[in-house]
Amino acid sequence: FVPRIIRPSMTESSAPAPESGGPTWRFALFVEVGNPAALPGKVAAAGDFPVALVDAALLLSPFHLNVAAHKAVTNFQGGNLVTRDMSSEFVFSLSPSKKISEGLRVFSVCPKTKAVAVAAWTRTEEELRAVETLVEGRKVAWETAEFAKVVDIGRVRKVYNVSDTELECASLEDVVASKVATSVVAGSSF
């Protein structure tokens, strides 16, 4: 049984932290990225706030990112980070695996990545814009035909081990969001 997820349309590009005045996960999507291999180093040197770079081919919607963001923030606030920092916690929160290295390997940007989701845990939009300038690619809106072309449904189904039976009960996005939200790691607050 896969529970049905009821949610509003996800056209906004941020996931607020539960505490007021705190940092917020802000998201941006880039296609035709020309510098994926150099991005991790550039981002690490650019600022003093967590930034995660995710292979957008494995993302189904901004909701997928919001579920992972909520999970990372909840683990942080509960003092239960599974990884060393918020950037890796965010990326690992997308993974159905309990193995940190595997989760980071699968979802992180690699030299062949052509579409990148930038997730920055910042207090201002300006901080996200500063990171966006490091990406050599074209920024596109979520929930567009261009974003739909980026998603690799076969890879998503393989990574999340989605069966045909599950898809008889719910959409692929709902199945994946359920698996992200309910994956439990020792020490996690979920």
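Mentor: Let us begin with a rule about surface: a residue is buried when its relative accessible area is under 20%, exposed when that area is over 50%, and partly exposed in between, using a 1.4 Å probe and protein chains only. The structure above is a predicted model, in which local features need pLDDT of at least 70 and side-chain atom pairs count only at pLDDT 80 or more, while totals for chains, interfaces and linings use all residues. Residues are numbered from 1 along each chain as its sequence is written, and side-chain values use heavy atoms, with hydrogens and water left out.

Trainee: Why is R157 called partly exposed?

Mentor: The relative accessible area of R157 is 26%, which lies between the limits of 20% and 50%, and therefore R157 is partly exposed.

Trainee: What makes R157 and D164 a salt bridge?

Mentor: The term asks for a side-chain nitrogen of Lys or Arg within 4 Å of a carboxyl oxygen of Asp or Glu. The closest N and O atoms of R157 and D164 are 2.6 Å apart, so the pair meets the rule. D164, at 53% relative accessibility, is exposed. By this rule the model has nine salt bridges.

Trainee: What makes E136 and K42 a salt bridge?

Mentor: Their side chains come to 3.7 Å, N to O, which is within the limit of 4 Å, and so the pair counts. E136 is in the loop between α5 and β5 and K42 is in helix α1, so the bridge ties together parts that are 94 residues apart in sequence. Relative accessibility is 46% for E136 and 34% for K42, and therefore both fall in the partly exposed range.

Trainee: Why is V51 called buried?

Mentor: V51, found in strand β3, has 12% relative accessibility, and because this is under the limit, V51 counts as buried. Leaving out residues up to four places away in sequence, V51 touches V43, S87, V118, A119, A120 and V131, where a contact means heavy atoms within 4.5 Å.

Trainee: Which residues touch the most other members of the largest nonpolar core?

Mentor: A nonpolar core is a set of buried Ala, Val, Leu, Ile, Met, Phe, Trp, Tyr and Cys residues joined through side-chain atoms within 4.5 Å. In the largest core, which has 41 residues, W25 and F90 touch the most other members. Several elements supply at least two residues each, among them β2, β3, α3 and α9, but the largest share, seven residues, comes from α2. A second, separate core of 16 residues includes V51, L53, V116 and V131.

Trainee: What covers the buried residues of α9?

Mentor: The cover includes α2, α3, α7 and α8, and the residues of α9 that count as buried are L172, D174, V175, V176, A177, S178 and V180.

Conventions
Helices (H or I, at least four residues) and strands (E, at least two) are DSSP runs, numbered from the N terminus.
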